[in-house]
Amino acid sequence: MGTPDAWDAAPPGRATRIIVDLDAIEGNVRYFRDAVSPGTAVMAVVKADGYGHGAVMVARAAVAAGARSLAVATVDEGIVLRRFGLDVPILVLGPIDLSEITAAIDATLTLTLADERFVPVLAHAARSSSGSLPLPVHVKVDTGMNRFGASPERSIPLCRRVIGHPELALTGVYSHFADADDSDERFTRSQAERFDAILSRVRSAGISPGVAHLSNSAGALRGRAYDYGMVRIGIALYGLSPSPAMTLPNGLRPALSLRSRISRVHDIDVGESVSYARTYVAERRERIGLVPIGYADGYRRGLSNQGVMAANGSLLPIRGRVCMDQCVVGIPEGSDLPIGAKVEIVSADVSAPNSVAGIASSLGTIDYEIVSGLSRRIPRYYTKGRRLVAVQDLHTVGLVPETL
Ligand SMILES: *Cc1c(COP(=O)(O)O)cnc(C)c1O
């Protein structure tokens, strides 16, 4: 902080702002593009509104940097990307509701099939839709996660069923790792072996599986053993780690920071309490500051009396309960923080105590939950070369300027 940046020059708006560095997103995509085996494509996973970063701008940056396709969890998420002009293949990773089929087909989303019973329903809907045919689908097989996917025994009949319908095109077969971030790689390897066995049975049955893919970020960070035709990169695309046990390589860096400004400064006396339930009581005369962020923004209440923010080189501890829209920090003696002073709530510096990882660790959770929980009420400011290039806020409800 200190030097003027895009944030200072930003248009008027709420003091509390997420800054997403699109250069970091692009650099992270390029890192994987360069690292993976020749012939392996990079898919950018932008579900959950781009892990809280804003899916549209992240998707645009990822595609510009060489991601060949996108993945989302729900049909709605895919439709929003299409509406904003993203025309690469978009895979819907999760199960969908029957009522969503027509909308999914019209948006030419690639659906994931894991159950034979769904196939004729989808083929029938594709036939009667105005969308372009054949509709691409991926078959998902379960190799040990026991979440979504066909059992190994049902995988071949499922693929057969898909290729039996001319309205459908089998363009991929995939599976998902359960613990690729674990230091013990044995289960990961066994999942890959099961996946290999399924793929070879698909091929022996005379069926082309299309692109085979297995790795998430953790699998891809392990090395090249699980590359197949494509890797699905989520958390590492944002420069964050799949788990505290995995240190990210230097080529990856966090894209998100979250800042605000102090909106009140005052002194409290010994014995005075702060915020609801009076869980913090001053032991000496102390200066405190008000920061306009709360748990409704995704700044979790578990950070009450636990979390820290940073300003002007000092750490500011949270005092008392985090409220819905505001919280209070202690201002260390000697740090000159007037009303309007910039506060770094979440730092993009991985070693800072208020990094995403630092916050996740003090809440006993993972980086994924912290960033995906940042609510839409916080405007997202996108920078490139430190210049502000786009804003996504509540007024635009996900809309961003088309000029970018
Ligand atoms: C979310 C998800 C990913 C991305 O996982 P990361 O750990 O964020 O890289 C990949 N594949 C599937 C099926 C997913 O649901």
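Colleague: To start with, how far is an oxygen atom of the ligand from an N or O atom in the side chain of Y51?

Modeller: The model is predicted, so every value here is computed from predicted coordinates. In the side chain of Y51, an N or O atom is 2.5 Å from an oxygen atom of the ligand. S217 also places a polar side-chain atom 2.5 Å from a ligand oxygen. For Y368, the distance from a polar side-chain atom to an oxygen atom of the ligand is 2.6 Å. The protein buries 93% of the 390 Å² that the ligand exposes when taken alone.

The ligand is surrounded by 13 residues, and K47, Y51, S217, I235 and Y368 are the closest. Sorted by class, the shell holds five nonpolar, four polar and four charged residues. The space that the ligand takes up is the largest pocket.

Next come the salt bridges. Across the whole structure, a search finds 18 of them. In general, side chains of opposite charge can pair when their charged atoms come close.

Two points of backbone geometry remain. Most peptide bonds are trans, and most residues other than glycine have a negative phi. The peptide bond joining L133 and P134 is cis, with omega at about 0 degrees. P134 is in the loop that runs between α6 (118-127) and β6 (135-140). N146 is not a glycine, yet its phi is positive, at about 55 degrees. The loop that contains N146 lies between β6 and α7 (152-163).

Key. Residues are numbered from 1 along each chain as its sequence is written. This is a predicted model: local features need pLDDT of at least 70, side-chain atom pairs count only at pLDDT 80 or more; totals for chains, interfaces and linings use all residues. Side-chain values use heavy atoms; hydrogens and water are left out. A residue is near a molecule or strand if one of its heavy atoms lies within 4 Å of it. A polar contact is a pair of N or O atoms within 3.5 Å; within protein, one must be able to donate a hydrogen and the other to accept it, and residues adjacent in sequence count only if both atoms are side-chain atoms. Accessible areas come from the Shrake-Rupley method with a 1.4 Å probe; for residues, only the protein chains shown count as cover. On a 1 Å grid over the protein atoms alone, a cavity is a set of points where a 1.4 Å probe fits but cannot get out, and a pocket is an open set with protein on both sides within 12 Å along at least five of seven lines; lining residues have an atom within 4 Å of a point. A molecule sits in a cavity or pocket if more than half of its atoms lie within 2 Å of its grid points. Ala, Val, Leu, Ile, Met, Phe, Trp, Tyr, Cys and Pro count as nonpolar, Asp, Glu, Lys and Arg as charged, and the others, Gly among them, as polar. A salt bridge is a side-chain nitrogen of Lys or Arg within 4 Å of a carboxyl oxygen of Asp or Glu. Helices (H or I, at least four residues) and strands (E, at least two) are DSSP runs, numbered from the N terminus.
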